[in-house]
Amino acid sequence: MEPVEEKRSFWASVILASLIFGVIYFAMTIGTGYYVINNPPTGSGLGPSSIIGTFVCLIAAFGGMLAVWHYVQLYDVTITLGKGAVIGVVTGIFIGILSFIFVHLWEYVDPNYTSRLMDTQIAMMNAKNHMSAQERQKIVDMMHSRGSMFKIIGSIFTTLGLGILNLITGMIGAKMFKGEKPEETF
Amino acid sequence: MTEIEKNAGTNESRQLSWMERNGFPMWLVVFGWIIISFILFQVVGSVVSLVLIYYKTGHIMDLANTSNLKKYLGLIFIGNTTGQILFLGLGTLLVTKIAAPKGKVFSYLGFHYDKSIGRLILLTILLILAIQPFIWLLSWLNALIPFPQSYLHFEDMQDKLLQDFLSGNKQVYWTLFNVALVPAFCEEVLYRGFVLNTIKRKWGVTAAVLLSGIIFGLYHIRFTELIPLAILGIILAILAWKSGSIIPAMVAHFVNNATSVIIAFKFPNYAFSSSTANSMPPLIYVALSIIVSGYLFYIFIKESNKSIKGGINV
């Protein structure tokens, strides 16, 4: 038998969860940025900023779960794993888009933020002692000439990554809060 | 009409997949897996390359550095091939388990062979060779689209690396394995197997053929060759759909890539000068190519219609 599709709109839940987690993600991203700017470069690829960055991503992954919880509470319905996944992935993409917009708006608050962050990254590159001066200069030139291209590509990958992470937590949410017993035999 | 034909595509009679039973929309599974497999392929490919380089040199290399890329391109190719086999190939086989009815993974992907397919494979090989000047024309047209200089520089760097690898490497069979055999199998399983057949079940064959071709073009991240790659993807999708088997498309893909490798080995000067899309191919070649490949395509469709099931048998 075809499963009965839940037709009630999930947009209210998605917008609510993505706004909450978009703001959290943005605040933590900016906070990490200032932490990097205000601390001396380590030259290591696995410094505290990388660990904080991973933690920020993990926090933002729970937006999908919150959206599913809200949807289930709002309509008191049983939802499938698939519906949870859809709500999760849409929430994740919205979190990515919102945080991208917020970070750009932050440039009006602190116009030097991006350039200071880039300078710090260049200083970190210089602190890597296994790179030759020529190699370092090449990367620095690349960062200056193609900085905006890298920023856009980076934002697209961040948004996709948040979509995938929230897809998973959306499915977990569907199972935890009101998931029907799925037929799990492949 | 055979029993298979009667059952294929009717919602009432066909068995539901795990994906359908659990309310997963088709677009999420298809596009989700394309993105996830691509990211995993890139990440794991890079990690394998780094581990191999570390094993060989004893220190970690920065792969963003072009001179390192050049020096260890052979090992980077091994990483790339490993990523393709693990995620585009084997990963797709696993994901197909959730999209296909129980126990029908291979027939869903189009792993079907009988005597008629043998004849179609022969036609496919001739078709893919005959169509090359037309593909060259498409590359030239694509090159007329303006791109930012920084992006063109990135593609030039990729071309230079490939050129160095092909001209510096004397192991033709190993190169054929990495550049032709593995992509022909893995990319076909993903695009003409999983993507084509999953989209076809929900949105119909036209959407399936067009979307699988366009996504195949985009997946290569070479925007200066997007049009020829997408058209090639659409042609391969039609071959897979009309023959009801993924095998002719696999052979066509292999022949297409292998031809480039062999030309690069045998005639390096010709390969690396004329392959540039900035020159228009001689129009007589293009005209002949369109006529001959059009005729071969027509024969292929006619032969397929004679013997075939018109797609997946699930």
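Visitor: Where does A:Ile79 lie?

Guide: A:Ile79 lies in the loop between α3 and α4 of chain A. Helices are DSSP runs of H or I with at least four residues, strands are runs of E with at least two, and numbering starts at the N terminus. This is a predicted model: local features need pLDDT of at least 70, side-chain atom pairs count only at pLDDT 80 or more, and totals for chains, interfaces and linings use all residues. Residues are numbered from 1 along each chain as its sequence is written, chains are lettered from A and ligands numbered from 1 in the order in which they are written, and side-chain values use heavy atoms, without hydrogens and water.

Visitor: Does A:Ile79 count as buried or exposed?

Guide: A:Ile79 counts as buried, because its relative accessibility is 1%. Buried means under 20% relative accessible area, exposed over 50% and partly exposed in between, with a 1.4 Å probe and protein chains only.

Visitor: How far apart are A:Ile79 and A:Ala174 in space?

Guide: Their C-alpha atoms are 6.4 Å apart, although A:Ile79 and A:Ala174 are separated by 95 residues in sequence.

Visitor: What is the phi of A:Asp76?

Guide: A:Asp76 has a positive phi of about 50 degrees, and it is not a glycine. Most residues other than glycine have a negative phi.

Visitor: And where is A:Asp76 found? Buried or exposed?

Guide: A:Asp76 is found in the loop between α3, residues 63-75, and α4 of chain A. At 56% relative accessibility, A:Asp76 counts as exposed.

Visitor: On to α4. Which place does A:Tyr108 have?

Guide: A:Tyr108 belongs to helix α4 of chain A, which covers residues 81-109. The side is an open one for this residue: A:Tyr108 is exposed, because its relative accessibility is 72%.

Visitor: Switching to chain B. What does its secondary structure come to?

Guide: Chain B has 15 helices and zero strands. Of its 314 residues, 49% count as buried.

Visitor: What share of the contacts in chain B comes from residues 24 or more positions apart?

Guide: Such pairs make up 81% of the contacts in chain B with a separation of 6 or more. A contact means heavy atoms within 4.5 Å.

Visitor: Which residues of α11(B) are buried?

Guide: They are B:Ala208, B:Val209, B:Ser212, B:Gly213, B:Ile215, B:Phe216, B:Gly217 and B:Tyr219. These buried residues pack against five helices of chain B, namely α3 (26-57), α5 (73-99), α10 (172-203), α12 and α13 (247-266).

Visitor: What should the 15 residues of α11 in chain B span?

Guide: Helix α11, residues 205-219, should span 21 Å at 1.5 Å a residue, and its end C-alpha atoms are 21 Å apart, which agrees. The expected span is 1.5 Å times one less than the number of residues.

Visitor: What is phi in B:Ile221, after α11(B)?

Guide: B:Ile221 follows α11(B) with a positive phi near 45 degrees. B:Ile221 is a residue other than glycine, and its place is the loop between α11 and α12 of chain B. With a relative accessible area of 35%, B:Ile221 is partly exposed.

Visitor: How many residues of α12(B) are buried?

Guide: 13 of the 18 residues of α12(B) are buried, so this helix is largely enclosed by the rest of the structure. Helix α12 runs over residues 226-243 and reaches 26 Å from its first C-alpha to its last, close to the 26 Å expected.

Visitor: What follows α12(B)?

Guide: B:Gly244 does, with a positive phi near 70 degrees.

Visitor: What is B:Thr124 in contact with, leaving aside its neighbours within four places in sequence?

Guide: B:Thr124 is in contact with B:Leu239, B:Pro248, B:Ala252 and B:Phe300. B:Thr124 lies in helix α7, residues 115-130, of chain B, and at 0% relative accessibility it counts as buried.

Visitor: What does the side chain of B:Thr124 reach at 2.7 Å?

Guide: The backbone oxygen of B:Leu120.

Terms used: Polar contact = N/O pair within 3.5 Å; in protein donor to acceptor, adjacent residues only side chain to side chain.
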